[in-house]
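The tour begins at a single residue and then widens to the whole chain.

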Amino acid sequence: MAKYKQALSKLSKRIQAMRKAKGLTLEKLAYENEISKGNLSDIENGKRSPSLATLIKIAGGLDCQVRDLIDF
């Protein structure tokens, strides 16, 4: 379970860092990619694990591949 929590923490931080680096607000990334703001916030704060479909939407919004989000 510890590895899962570590991976979720790294994923959360990476998504947030990439979003900020692109100058996107949480609201803009969520809205433009059909993700609820609350869900995205929970993902970025490590409170929720994203589904594969949501990861694909996030990657699309960040103009990257899913592997860029999870390659740590």
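Select Leu-8, which has its place in helix 1; helices are DSSP runs of H or I with at least four residues, strands are runs of E with at least two, and both are numbered from the N terminus. The model is predicted: local features need pLDDT of at least 70, side-chain atom pairs count only at pLDDT 80 or more, and totals for chains, interfaces and linings use all residues. Residues are numbered from 1 along each chain as its sequence is written, and side-chain values use heavy atoms, with hydrogens and water left out.

Is Leu-8 buried or exposed? Leu-8 has a relative accessible area of 12% and is therefore buried (buried means under 20% relative accessible area, exposed over 50%, partly exposed in between, with a 1.4 Å probe and protein chains only). Next, display the residues around Leu-8. Leaving aside residues up to four places away in sequence, Leu-8 touches Gly-46, Arg-48, Ser-49 and Pro-50, a contact being heavy atoms within 4.5 Å. Then select Lys-20, which lies 12 residues from Leu-8 along the chain; their C-alpha atoms are separated by 18 Å.

Return to Gly-46, one of the residues touched by Leu-8. Gly-46 follows helix 3 and has a positive phi, near 70°.

Now select helix 3, residues 37-44, and colour its buried residues: Asn-39, Leu-40, Ile-43 and Glu-44. These residues cover an arc of only 130° around the axis, so they lie on the same side of helix 3; the arc is that of the directions from the helix axis to the C-beta atoms.

Finally, show the protein chain as a whole. Its secondary structure comprises 5 helices and 0 strands, in the order α-α-α-α-α along the sequence. The C-alpha atoms fill a box of roughly 35 × 20 × 20 Å along the principal axes. Of the 72 residues, 32% count as buried. Among contacts with a separation of 6 or more, 57% are between residues 24 or more positions apart.

To end, colour the side chains by charge. The protein chain has 14 positive and 8 negative side chains, where Lys and Arg count as positive, Asp and Glu as negative, and His and the chain ends are not counted. The centres of the two sets lie 8 Å apart, each charge being placed at NZ of Lys, CZ of Arg, CG of Asp or CD of Glu.
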